[in-house]
Amino acid sequence: MDIDLDPIEQFDAPIYHRYHATSSRAITPFLHAVKRGELLGHLSTATGKVLFPPLGACPESGEATHIPVILSDTGTVIGFTTVHLPIPGSKLVPPFTVANILLDGADQACSHLISECDIDSVAIGMRVVAVWRPAEVWNNSLENIEYFKPTGEPLVDIDALQQQCLAEAEQRKEAAKGGQDA
Amino acid sequence: MSNNRVAICGVGQTERYKTKLTCSLAGLVREAALNALADAGCEWSDIDALIIGKAPDMFEGVVMPEAYLAEALGGVNKPVIRVHTAGSVGGSTAIVAANHIKSGFFNRVLTVAFEKQSESNAHWALSPSMPFRPHFNSGAGGMFAPVIREYMRRSDAPEDVGCQVAVKDRLHAIKNPHAHLHLPDIDIDTVKNSPMLWEPTRFLESCPSSDGACAMVLAAESHADTSIHKPAWVHAMAMRSEPSFYPWREEVNPEASRACAKDLYSQAGITQPRKQLDMAEVYVPFSWFEPIWLESLGFAEPGQGWRLTLEGATSRDQGGDIPWNCSGGVLSSNPIGASGMIRFAEAALQVRGMAEQRQVDGAKRALGHAYGGHSQFFAMWIVGDERP
Amino acid sequence: MREVAIVAYAQSPQVRQEKVLNEVEMLMPVIETALTEAAMTMDDIDFVCSGSCDYIAGGAFSFVGAVDALGATPSKMESHVEMDAAWALYESWLKIQAGEISSALIYGFGKSSVGDLPDVMSQQCDPYYLAPLWPDSISMAGLQASALLTTRRYTERDFAEVVVESRRKAKANPSAQLSGDTEVEELLRAPYISSPLRRHDCCPITDGVSVLIITDKTALPETIKRPVYIRGIDHRMEAHQLGIRVLSESGSTTQALAQAKSQAGIEHFDIAELYAAFSPQTLILKDALGLDDQVDINPSGGPLAGHIMMSAGLDRFGMSFRALQKSEVTTALAHATSGPCLQHNMIAILEAG
């Protein structure tokens, strides 16, 4: 029997899986805090550094972290990019600028949007402050901050900032050790 | 260390990397495997074990696909293992395969790395949204753009360096029949005028999204003589990993990269990579990673990698002394799971004298390099034309 | 062959759902327990290798976060298989044989509770012919169980007896999720969930992590009282399509056993820990391995008592290690499996030193 068939080169086989995301021992207090408008980091006693957001482990030492540190909502841009390609599943319309922001008091940067300025004016070392959404809509997410905007302060030398932060972390580490020995 | 040497006696690749290859997943890997077996002068029955590597399964939507691929790759009745180390996987898979031989328990193994990312949506899979966090992950390009910007800040490199790499690798690719992108008219202006994707990375400074597979037959010394071509020999191999993020982590020149290279070079007795290697296939998915890796891998002093690029040192076409990515590199073909193995395999082809139009004359020692994750996973090997 | 020994094994409590901790938080204390048991630190560990699955967690690159638990600064030699951690163990064992390392820390983890595991596993099947039909893992196991009944070698009563034994033995396992006293008649009154399987014939859903440490004999920590040597190890794959295989048998298991025996020169086993996620598979594997009634099968209760997906194979090595700490137990057979209906099987022969 001769069958004249066109070859099938593609077919759609959609896959849907549903996952029930769970929080964690470290992330849960962070999520409660951000709903109150607070930015909560963790101090690692092993390194003296402050991690933000707290994910439960100090990656350098592999130890669990638990000591809370409230951080201010001002910080320094230590890296950034302006994105022109839409992110699948996101409502953000390009171009938008995503920055790695080191909040004052933290040793690890978090990602967030930069706005209320010319894209070309964003620079490494730029001082920024969070612009929060109205408190009525706050939920358990860093999306309570709509974006960060420049404060207008002069640019920070981030190499000097790094040295300063590392020195302060070293002091906190020694203090934590001293506290344990006492 | 055991004394068991590892020979590479067969290399096979997809005939032409491109997107939406019209073959099944099984067909894709089988093509590369058959090419490798043919080069090695071997049959399926000569192979003792199968080592498969690929990046996240969400690129194709098949969970743990080695089960499905068993028949296609002659894996029935054999040991089969599947490695996944993110972007470096093609390289780490080759290393696991080499360890099979080095252990003394296997005479010949077939290793295949692949990706058929057009089956799913690679940009989606590379931009996972983490629960409880705002969704800003914009693929690998978005992740690396700030790292590139930081390199530019530190090195004060001229703006055009990235464009130079983009042109050089695509011109290299013209001589590689397997390469996805064949852009004979590419020049600096074309690259500069291409759309900006994640500043400062432009469209033509980024890798394509490809489907493809790469395979190798590795053999013990006693079983390395079946190919009509001479084998390549593994002189050194190393892997290192570090965490994705930690406070003040060095992202431009990661410690894991330096540690991996140091381990690698000490095995091979290399103190001056630029002089002692004849070429390198290095994982450069975004153009500025060439100067970044030139420095990290010790081909140039910190802050000076871009000079080698601008001088043409890494260009085969310009007669550079240390050609990088004669195959066109990741910038010309990027089936993500395969790309690391393509680097390792192209290095092997070079020292076997089998790189055809892209051959570096008299290449005796070459570096194959792969990296992945947030510049945190590294796998490298050095191959030579003589027994180590 | 270099002599490689298991020197430590630790496991988180096996629970139906870990509600508080994420994978990294689960891993950290278990890694610490294993290292302490071995009297080692991470600095003593040459290589780390893990087994996990993105689709269990619901995110690409999900294994990457676990690296945070290792304290990998400075960087470590580390790798990962997207398979049960038993294969991470095999990769590590090969590296020791190759002389590249002297010690390895292996871990497997998964929170199966966050997704629908049987449905997720259906997508392991051939993406063109099988996966679009969504054959979940329980249904496929049901097909295999049905094939076994057709041979008339066993009955549903035999399935129930496997479960009774598992629950009874698990009472002595402090980390068992399901244990207790039950009777065949009671079990047979339960309804089918995918005939001829009843709910109790299937392993539970379990969240957990496991860690196991191996060293070359020359690098054995002095404090280890009773190392367990891997005398032989091999694994073999079968064809994928269910219709091609004889589902009531496990030829690859027999083949792997023969290879392992030729390495080990050991013919008798005091115990066998088998990765049988469904009760009929225990019988199929028992036959494939030629185990008689003298062999204590799954003294831990086996996967029917607790099943950390992506670690259940490693756990058979770990449970064997624990059992071999008793002076009267000297040899064990550990089995791991991967793929639908026992497609891919690993056998290791272990001996207390």
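Which residue just after α1(C) takes a positive phi? The third legend below gives the residue. The structure is a predicted model, in which local features need pLDDT of at least 70 and side-chain atom pairs count only at pLDDT 80 or more, while totals for chains, interfaces and linings use all residues. Residues are numbered from 1 along each chain as its sequence is written, chains are lettered from A in the order in which they are written, and side-chain values use heavy atoms, with hydrogens and water left out.

**View 1. The contact between chain B and chain C.** Chain B brings 54 residues and chain C brings 59 residues to this contact, where contact means heavy atoms within 4.5 Å. The buried area, meaning the accessible area (1.4 Å probe) that two parts lose on being put together, summed over both, is about 4700 Å², and carbon and sulfur atoms give 63% of that area. One salt bridge is found across the interface, a salt bridge being a side-chain nitrogen of Lys or Arg within 4 Å of a carboxyl oxygen of Asp or Glu. Lys102(B) and Glu100(C) form this kind of pair, with their closest N and O atoms 2.7 Å apart.

**View 2. The contact between chain A and chain B.** Here 42 residues come from chain A and 29 residues from chain B, and the area buried between the two chains is about 3200 Å², with 68% given by carbon and sulfur atoms. On the side of chain A, Leu85(A), Ile87(A) and Pro88(A) lose the most area to chain B, together 16% of what that side buries. The count of salt bridges between chain A and chain B is one, and the side chains of Arg153(B) and Asp159(A) meet in a salt bridge with an N to O distance of 3.1 Å.

**View 3. Helix α1 of chain C and its two ends.** This helix (a DSSP run of H or I, at least four residues, numbered from the N terminus) covers residues 23-38 and reaches 23 Å from its first C-alpha to its last, close to the 22 Å expected at 1.5 Å a residue, the expected span being 1.5 Å times one less than the number of residues. At the N-terminal end, Asn22(C) caps the helix, with a side-chain oxygen 3.2 Å from the backbone nitrogen of Val24(C). Just after the helix, Ala39(C) takes a positive phi of about 55°.

Note on methods: Polar contact = N/O pair within 3.5 Å; in protein donor to acceptor, adjacent residues only side chain to side chain.
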